[in-house]
Amino acid sequence: MTDPSIRAMGPEAAALLAALHAACFEEPWDGAAFDTLLRQPGVIALARDDSFILLRRVADEAEVLTLCTHPEARRRGRAAELVAAALERLAAEGVSRLFLEVAADNRPAQALYTRVGFIEAGRRPNYYRRRGAAVDALLLARAVGPARGPIGGVPQDRLYSSPKR
């Protein structure tokens, strides 16, 4: 990895990741959930002291399970650096596409994902629940590696769009 402060984490870091997740989300995952995830094949955690990204790789695709930066460390590029490190690692492992879901009302996260090359690939209605209200999830995707040329002959900007009928 390019940034030496970003390191791979295993199940031994479950409590640390859970504490950081609790500082970032209203409904955090506990240490047992992180421990279970981190023991599964294909799950990767890349972290620094104030932020982490958790990914799951299956075949030549991967998904971001969660990404968080401690509130006191936000707006410093930490999340973008973690995404870059994840893309570097996934490319080395032969992954071609990365997916994630983000709440439709989470504008700061959407702005980050747009900056790092994700495009909208779909929507999951009423996916999240917040204080009793339903919020849609946007399904975002991007190619792993430079997002310039076509993948399998399909231009990057049309890679995830559904065919017109």
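View 1. Glu81 is partly exposed at 32% relative accessibility (buried means under 20% relative accessible area, exposed over 50%, partly exposed in between; 1.4 Å probe, protein chains only). Arg48, at 8%, counts as buried. Their side chains meet in a salt bridge, 2.8 Å from N to O (a side-chain nitrogen of Lys or Arg within 4 Å of a carboxyl oxygen of Asp or Glu). Arg48 sits in strand β2 and Glu81 in helix α3 (residues 78-92), so the pair ties together parts 33 residues apart in sequence. Helices (H or I, at least four residues) and strands (E, at least two) are DSSP runs, numbered from the N terminus.

The model is predicted: local features need pLDDT of at least 70, side-chain atom pairs count only at pLDDT 80 or more, and totals for chains, interfaces and linings use all residues. Residues are numbered from 1 along each chain as its sequence is written, and side-chain values use heavy atoms, without hydrogens and water.

**View 2. A salt bridge between Arg124 and Glu101.** The N to O distance is 2.6 Å. Arg124 belongs to strand β6 (residues 119-130) and Glu101 to strand β5 (residues 97-103), so the bridge ties together parts 23 residues apart in sequence. Arg124 is partly exposed at 34%. Glu101 is partly exposed too, at 26%.

**View 3. A salt bridge between Asp136 and Arg123.** Their closest N and O atoms are 2.9 Å apart. Asp136 lies in strand β7 (residues 133-143) and Arg123 in strand β6, so parts 13 residues apart in sequence are tied together.

**View 4. The buried residues of helix α2.** In α2 (residues 31-38), Phe34, Leu37 and Leu38 are buried.
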